[in-house]
Amino acid sequence: MELRDYQQECVDAVLAAWESGRRRALIAMPTGTGKTVVFSHIIKRRLKLGRALVLVHRDELVQQSVEKLNAIVPEASVGVIKAERDEHNADVVVASIQTLGRQDRLNRIPRNHFSTIIVDEAHHSRAETYMRTLEYFLAFDPNGPYTLGCTATPERHDKLALGKVFQDIVYHASIPAMIRRGYLCDVRGLRVVAKVDLSKVRVRGGDYVESELEQALVAANGVEAICRALLEFAADRKSIIFVPGVRMAHQVAAALLEAGVAAAAIDGSMPLSERREILAKLRGGELQAIANCMVLTEGFDEPSVDCIFVARPTRSRTLYVQMVGRGLRLAEGKQDCLVLDLVGATEDLKLQTLDKLTYVDPQKLGGGFLQAERTSNKHIQVEHAIQDLIAMPVALLEKSKFRWLRGSRGYVLVIAGGAIYVSWDENNEMWIGSHETYLGSRFEIKRANELEDVIDACEEYVRDSGSEILAKANAKWRSQPATKAQLDVLRRWGIDLNGSLSRGTASDLIALGKHDARQLAAQII
């Protein structure tokens, strides 16, 4: 398996960090970009220096790691520590943390047995079993084994700092960057609203209490909502549905079966062989949808999945990225991944969703307990602009007092005499914010790696320039009738909304540009 360019960059970064004395390094790479391939190549480079240990926390990950290691490091013997298997004298040992993390199993192995330790899904590393294992094998000693953590999400929603385990993030690749470089598939999003009030669900450890969330969704006919949305928007897609409870997973699967969809449920109590059989049926096309509760967030790899239904509302960016990541792998014939976000009728600003959403007429679903958010003066976004995924911008922009739009150029904010544009610079791989007037002049405000930094700078620029009142989402001028000049511009673009357009919506259409305006106008009509 030859390394891709970014994988080689990652390997080089890890080895350089170790050489510089940072013995406990962390890498962050999205699901589907080959973390196992990366650490297997690192092990191959260090094999002559001694044994390597790979720590995993799911049974499915044990076999996946063994297969990759056998393919990439065929000269090494690969052993397993899991249940009764205790092959700790192999060149490379893949260990289930649930087994090895017990003190009696640790005591069977000399403390200096490994020269390299890999922690897969390293966001779990603050757990007691991981800490006990790393301490036992001297990972925190100045001359201890070289340790690498691998994760798609280098943060924890419970706020326990991974800095107590790892010294530095030495390589980071984001989901949007991997989409832009062609290593992950494009993403489309649709927000679906169910009549459940999430404000009444308690929050513990930074996220909703799962049992209460399941109870609230079931009481609000959430099972019906999920099934109707899947049939309406993803009837021809291979889907993974995440729900907040085991009971609900089986209810959703049963309802889909009754509706004629080949579906099944998976839960953690099932034997591994049964789970594998169900996943094999999905892979082979015998099943179209699988409902699960927190089973397929990690260690699951089926590239042909092209719909992820997040019917388990979450405040945790870590969990959200894990769920959506199950649909981002490339596959032959796969054009994109559709993400359906189930949210409550009373929205929580900390709720994690896709940042680029498309809105459809609620009449498509015939009312009832399910609706899709309509295009309105408050939200104007177009489906063709949906290209990538990240959870941060939606929270960032929805909290803003300003009326940010999303077009194919990037983010747009209408102000007096022009607009603020925030777009991604492919050549320099940076976000750039600029003020462009209707007369054609352009002033660059800020460029930075993080979208949040550029948005903050642009909003500060708007406030300083005296345009804050005009740029606010609830500005009174937005509800006034469109001017003749605005309507003339739109008519020249082939857009005629019969003079019923508001001044604010007309300004939005013009700021988005001719192509995006036509797309959006078709939805408004």
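A residue is termed buried under 20% relative accessible area, exposed over 50%, and partly exposed in between (1.4 Å probe, protein chains only). The model is predicted, with local features requiring pLDDT of at least 70 and side-chain atom pairs counted only at pLDDT 80 or more, while totals for chains, interfaces and linings use all residues. Residues are numbered from 1 along each chain as its sequence is written, and side-chain values use heavy atoms, with hydrogens and water left out.

Two residues other than glycine with positive phi are described here. Glu-121 has phi near 50 degrees and is found in the loop between strand S6 (116–120) and helix H6 (128–136); helices (H or I, at least four residues) and strands (E, at least two) are DSSP runs, numbered from the N terminus. Glu-121 counts as buried because its relative accessibility is 8%. For Asn-221, phi is near 55 degrees. Asn-221 lies in the loop between helix H8 (210–219) and H9 and, at 28% relative accessibility, counts as partly exposed.

Helix H9 (residues 222–233) comprises twelve residues and reaches 16 Å from its first C-alpha to its last, close to the 16 Å expected at 1.5 Å a residue; the expected span is 1.5 Å times one less than the number of residues. Its buried residues include Val-223, Ile-226, Leu-230 and Phe-233.

Glu-9, Asp-12, Glu-426 and Glu-429 form a negative surface patch. Asp-12 is placed in helix H1 (residues 5–19) and counts as partly exposed at 38% relative accessibility.

Conventions: Patch = residues over 30% accessible without salt bridge, like charges linked within 9 Å, V, L, I, M, F, W, Y side chains within 5 Å. Areas by Shrake-Rupley, 256 points an atom, 1.4 Å probe, with all protein chains shown as cover. Salt bridge = Lys/Arg side-chain N within 4 Å of Asp/Glu carboxyl O. Lys, Arg positive; Asp, Glu negative; His and termini not counted. Charge placed at Lys NZ, Arg CZ, Asp CG, Glu CD.
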